[in-house]
Amino acid sequence: MAHVAAWKKDMVSELVQDMREYPVVAVVDMEGIPGQQVQSMRAGLRAHAKLKMTKNNLMLLAIEEAAKEKPEIIGLKDSIHGQCAIVTTDIDPFKLFKKLEATMTPAPAKEGQLAPFDIVVPKGPTPFGPGPIIGELQKIGLPAAIEAGKIVVKKDTTLVKEGEPIPGPVAAMLPKLEILPMVVGMDLRAAYEDGVIYSKDVLDIPEDYYSTMFATAAYNALALGVSIAFPTKETIVPLIAKAFRETMNLSVEAAIPTKENIDILLAKADAQMLALASASGYTSDEIAARLSSAAAAATVAAPAAEAAPAQETVEEEEEEVSEEEAAAGLSALFG
């Protein structure tokens, strides 16, 4: 049986103990992070988390051992590849993802790395004065020239397309042009908590995603309850308001006067009258004049209507006198 170094056994034991002790276990990508930056990141996590880097096979052994107590943690094995580390913490996976995401910083490219996007050198002046470096710029494909005592790039130039490997000379020149195309930091690949494995695509959500989702769900539920007239303490007020509006609309449509709608009915009648007059060919001035004439006629008609009964009385009296005279004449004639 091959001898196993003591430090390897100790490392596996430490990892297993941490995985059992902490509720959250995560695998993070450490590719391309300088050692000094790793130390800084480790210090930033120290209050709530432990970060351990070791050989991948030792991390796999630790996960298999921890799975004896937490069976679902075995799902983290798929994330152990390349340069990675184990983080054990009491921070929930979503907050941990945001915390690790904050460690991402721009970094210079290395030869052979794949460009994360089109690497473009913009048109304009460079940081360089006239000198031999102009030849290096031209060698990597930049249309460089000297203008006003500065080396300038004559037009926007794409040096590397997205997904293509970055050549060595280009990688060496980009930092001099103040272009840092890479982003390095602890990229969380997967996390375990309470028997569930959370992948990166699940954890990478906007901070207000769930609160917005719940607010939208509550709004839609309220709208549905009002739509189907389902009374609850949340819907009763909008249901009563809706019933009042519909009742008001119906009474106005049916021209049923109430103290609540009389002003609306009068305004509606006025608008319909004006629309009808306008459709009949009357101008606005004519409509106003006719309304004024109608009002004046109504004023004159009122006293006339009051005088009419007196005139009728006189006529009746005259008719009565004529009948007496007729009777007297007949008496004289036949007397």
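Visitor: Which residues do ring pairs link into a cluster here?

Guide: Phe94, Tyr198, Tyr209 and Tyr210 are the ones joined that way. Before we go on: this is a predicted model, where local features need pLDDT of at least 70 and side-chain atom pairs count only at pLDDT 80 or more, while totals for chains, interfaces and linings use all residues. Residues are numbered from 1 along each chain as its sequence is written, and side-chain values use heavy atoms, with hydrogens and water left out.

Visitor: How do I read a ring pair, and how many aromatic pairs does the structure hold?

Guide: You describe a pair of aromatic rings by the distance of the centres and the angle of the planes. Rings of Phe, Tyr and Trp (its six-membered ring) pair if their centres lie within 6.5 Å; planes under 30 degrees apart are stacked, over 60 edge-to-face, and the rest tilted. The structure has three such pairs. Take Phe94 and Tyr210: they sit edge-to-face, 6.2 Å centre to centre, with 85° between the planes. That pair links distant parts of the chain, since Phe94 is in helix 4 (residues 93-101) and Tyr210 is in helix 8 (residues 209-227), 116 residues apart. Helices here are DSSP runs of H or I with at least four residues, strands are runs of E with at least two, and both are numbered from the N terminus.

Visitor: On to charges. How many salt bridges does a search of the whole structure find?

Guide: Side chains of opposite charge can pair when their charged atoms come close. We count a salt bridge when a side-chain nitrogen of Lys or Arg is within 4 Å of a carboxyl oxygen of Asp or Glu. The search turns up 10. In one of them, Lys50 and Asp18 have their closest N and O atoms 3.3 Å apart. Lys50 lies in strand 2 and Asp18 in helix 1 (residues 6-21), so this pair ties together parts 32 residues apart in sequence.

Visitor: Which other residue forms a salt bridge with Asp18?

Guide: Lys52, with the closest N and O atoms 2.8 Å apart. Lys52 is in strand 2 and Asp18 in helix 1, so that bridge joins parts 34 residues apart in sequence. Asp18 is buried at 4%, Lys52 is buried at 16%, and Lys50 is partly exposed at 32%.

Visitor: Which residues are linked in a network of salt bridges?

Guide: Arg20, Glu65, Lys68 and Glu69.

Visitor: Last one: where is Thr54, and what does Thr54 touch?

Guide: Look in the loop between strand 2 (49-52) and helix 3 (56-66). Contact means heavy atoms within 4.5 Å. Leaving out residues up to four places away in sequence, Thr54 touches Trp7, Met11, Leu15 and Met59. Thr54 is buried, because its relative accessible area is 18%.

Conventions
Buried means under 20% relative accessible area, exposed over 50%, partly exposed in between (1.4 Å probe, protein chains only).
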